[in-house]
Amino acid sequence: MFRNHTVPLTLVMTTALLASCGGGGDSAESEPAAAEPVEAMDDMGAADAMAALLNPNLAAEDELTLIPGITAEAAAAIAGGRPYLRAADVHAALAGAIGDDAAMAAYESLWLPINLNDVTNDEILMIPGVGDRMAHEFEEYRPYEDMGEFRREIGKYVDEEEVERLARYVYVPIDLNSATREEIMAVPGMTERMAHEFEEYRPYTDLDQFRREIGKYVDEDEVVRFERYVTLN
């Protein structure tokens, strides 16, 4: 079982990391800036702060090594285990390379979004700053229909800024037949071209059809990665 890790909410921001998240340029040579507390978010802007969370299925190895505590060997271990379908799988790979404490600290900057409707309690407790009480609130309102419901319910307990911080760590699967273009584009790694392909084959009758049609454009691993973000209601 993972331990509840309640490190201070320190937001590590670097110019190189922000550039990588925005455009994918080579930034491995840049030196990390000093850590800034979350309270400084108002000064730097919430949008910039939110951009710092890397996805272990998508980040390049040189981007991963910009995160404090992640060595080149650990970055290679993460890349070698893709695609990850659960946060617990990421943790197993990362903790195996750098230890449990260092892995937990890395989740301030690195995270695989977790499905609110099937995530385990242990995985919720891996989110920085989340303890038993908040984990209970995450679970209490299942099943979530969409992220709007998550924001409304969790907003009863924390302020808007904290709701948005927590929202970076979670998702609710979108319905293949009714999701808007905006909702489809919110899927990590989605492009306009792939969003068009998602819409082109509507209505989907089952997930096997989704696998066949989307498999015309991306490889099997990528189909599996996309599939975790979708459902058919």
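Student: What makes up the accessible surface of the protein?

Tutor: In this predicted model, the accessible surface comes to about 11200 Å², and carbon and sulfur atoms hold 50% of that.

Student: How do you know which residues count as buried?

Tutor: A residue with under 20% relative accessible area is called buried. Of the 233 residues here, 47% count as buried.

Student: Why is a set of residues called a nonpolar core?

Tutor: Because its members are buried residues such as Leu, Ile and Phe, joined through side-chain atoms within 4.5 Å. The largest such core has 64 residues, and I70, L94, F138, F150 and F198 have the most contacts inside it. Helix 6 (residues 87-98) gives the most to this core, with five residues.

Student: How do you know what L94 is in contact with?

Tutor: Contact means heavy atoms within 4.5 Å. Skip the neighbours within four places in sequence, and L94 is in contact with I70, A74, I78, G99, A103, A106, Y107 and L110, so these residues have heavy atoms within 4.5 Å of L94.

Student: What makes up the lining of the largest pocket?

Tutor: Lining residues have an atom within 4 Å of a point of the pocket. There are 41 of them, with V170, Y171, A186, V187 and P188 nearest the centre. Among the elements that give two or more residues are helix 1 (15-23), helix 10 (147-154) and strand 4 (170-171). Sorted by class, the lining has 24 nonpolar, eight polar and nine charged residues.

Student: And how much space lies in the largest pocket?

Tutor: About 1300 Å³.

Key:
Residues are numbered from 1 along each chain as its sequence is written. This is a predicted model: local features need pLDDT of at least 70, side-chain atom pairs count only at pLDDT 80 or more; totals for chains, interfaces and linings use all residues. Side-chain values use heavy atoms; hydrogens and water are left out. On a 1 Å grid over the protein atoms alone, a cavity is a set of points where a 1.4 Å probe fits but cannot get out, and a pocket is an open set with protein on both sides within 12 Å along at least five of seven lines; lining residues have an atom within 4 Å of a point. Grid points are joined across faces, edges and corners, and a volume is the space filled by probe spheres set on the points. Helices (H or I, at least four residues) and strands (E, at least two) are DSSP runs, numbered from the N terminus. Ala, Val, Leu, Ile, Met, Phe, Trp, Tyr, Cys and Pro count as nonpolar, Asp, Glu, Lys and Arg as charged, and the others, Gly among them, as polar. Buried means under 20% relative accessible area, exposed over 50%, partly exposed in between (1.4 Å probe, protein chains only). Accessible areas come from the Shrake-Rupley method with a 1.4 Å probe; for residues, only the protein chains shown count as cover.
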